[in-house]
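This report describes one protein chain for a reader who has not seen it before.

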Amino acid sequence: MVNFQEKTEEFATLMQAMKDFGFRPADVARMLNKSPGAISQYLSGYTNPSETVLELLRRIVEDKKREKEADSASVMVVGIGDADASAV
């Protein structure tokens, strides 16, 4: 069983990933159907996020990672295609 501190730390790590993707805590709160105050309480360790909230945030972060990877691949393909076209 995951303890209170581990859940708080995992939530903070996932929130940092969302911040790195450009999302604010208020954005994440909407995605999780939670209040911004609840997000703040999770981050401060005042309350513990449920396993359901953690699982949903894990899935959101994974989806955002896949989207970012797909966007990066698209940019590389477009860049390669442009380079080939100019060489002709």
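Buried residues make up 24% of the 88 residues in the chain; buried means under 20% relative accessible area, exposed over 50% and partly exposed in between, with a 1.4 Å probe and protein chains only. The model is predicted: local features need pLDDT of at least 70, side-chain atom pairs count only at pLDDT 80 or more, and totals for chains, interfaces and linings use all residues. Residues are numbered from 1 along each chain as its sequence is written, and side-chain values use heavy atoms, with hydrogens and water left out.

The chain has four helices and zero strands, in the order α-α-α-α along the sequence. Helices (H or I, at least four residues) and strands (E, at least two) are DSSP runs, numbered from the N terminus. Contact means heavy atoms within 4.5 Å. Among contacts between residues at least 6 apart in sequence, 70% join residues at least 24 apart.

The largest nonpolar core holds 16 residues, and Phe11, Leu32, Ile39 and Leu57 have the most contacts inside it. Such a core is a set of buried Ala, Val, Leu, Ile, Met, Phe, Trp, Tyr and Cys residues joined through side-chain atoms within 4.5 Å. At least two residues of this core come from each of the helices α1 (4–20), α2 (25–32), α3 (36–44) and α4 (51–87). Apart from neighbours within four places in sequence, Ile39 is in contact with Phe11, Met15, Pro25, Ala29, Leu32 and Lys34.

Ile39 also belongs to the contact between α1 and α3: Thr8, Phe11, Ala12 and Met15 in α1 meet Ile39, Tyr42 and Leu43 in α3. By class, this contact has six nonpolar, one polar and no charged residues. Ala, Val, Leu, Ile, Met, Phe, Trp, Tyr, Cys and Pro count as nonpolar, Asp, Glu, Lys and Arg as charged, and the others, Gly among them, as polar.

In α2, Asp27, Val28, Ala29 and Leu32 are buried. Just after α2, Asn33 takes a positive phi of about 60°.

| Residue | Helix | Relative accessible area |
|---|---|---|
| Asp27 | α2 | 15% |
| Lys64 | α4 | 19% |

The side chain of Asp27 reaches the backbone nitrogen of Arg24 at 2.8 Å. Lys64 touches Met18, Phe21 and Phe23, not counting residues up to four places away in sequence.

Note on methods:
A polar contact is a pair of N or O atoms within 3.5 Å; within protein, one must be able to donate a hydrogen and the other to accept it, and residues adjacent in sequence count only if both atoms are side-chain atoms.
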